[in-house]
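Hi everyone, thanks for coming.

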Amino acid sequence: MKLLISIKSVEEALIVKDSKFDILDIKNPAEGSLGANFPGVIKEIIERSPNRVISAAGGDLPGLPGLSSQITFGLANLKPNFIKLGFYNFNDFETAVKIINEAKNAIRLSGTSAKLIAAAYGDYKEINSFNPFLLNELAFKTEIDGIMIDTINKDGRSLFDFLKPAELKDFCQQAKKAEVFSALAGSLSFDDLGLLKEIKPDIVGFRGAVCENNDRSSKINSGLINQLYQKLQN
């Protein structure tokens, strides 16, 4: 499993500069689970992190393919390795297909090679949003590169409060059949590592567990990232 660490600022990029992890994810927690950060912040973080694999969040997005494609085009021109789009506040499958198709067109138009990740939320029933298990079907019908399950609510509950390990394991296995990578996030903790190793996603995403006081809105902690990375290797 690859370890993805989410940061929110240039200051945090400098804090984690020498930490051990695989993917540096840029988001804006103040604007949601996959909150989009500002172009200037993303650009500077990428410039200051020349040896990192970079992911950039595009927001918790409604079912608007035009908006999603514009966001994707803007992010692609900043040249991250991955772009994440969250499916929020809609549940129509054909809309999801169009969002991905137009987002891939936007990446091609940009002349860059960013990989596209579609994310849905484990607490989808609470928010009446896109069923994350439909992401597997989406992977078979589009040119998506990866699929992800996160949570929209950051109220102390984790991904495992909403979905069963067996469901998540099947999700990851189906992703392999579709030849896309799988990612899991959503207020995950150090205590979840055992379950995650059994489920075997390709990527696991963390923020709150490696922030001061386990608070995702607080400053990131380099020492905790190194501890987490070490535990993942064991």
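Let's start with β7 (residues 181-184) and β8: these strands run parallel and are joined by two bridges. Strands here are DSSP runs of E of at least two residues, helices are runs of H or I of at least four, and both are numbered from the N terminus. Two strands count as paired if DSSP finds at least two bridges between them. One quick note: this is a predicted model, where local features need pLDDT of at least 70 and side-chain atom pairs count only at pLDDT 80 or more, while totals for chains, interfaces and linings use all residues. Residues are numbered from 1 along each chain as its sequence is written, and side-chain values use heavy atoms, leaving out hydrogens and water.

Within β8, V204 is the bridge partner of L184. Between β7 and β8 comes helix α8 (residues 193-199), and together the three make a right-handed β-α-β unit. Right-handed means that, with the strands pointing away from the viewer, the path from the first strand over the helix to the second runs clockwise.

β8 also pairs with strand β1 (residues 2-7), in the parallel sense, over four bridges. There, G205 of β8 is the bridge partner of L4.

Which way do the residues of β8 point? I203 and G205 go one way, V204 and F206 the other, and all are buried, that is, under 20% relative accessible area with a 1.4 Å probe, protein chains only. In a regular strand, side chains alternate between the two faces of the sheet.

Key
Buried means under 20% relative accessible area, exposed over 50%, partly exposed in between (1.4 Å probe, protein chains only).
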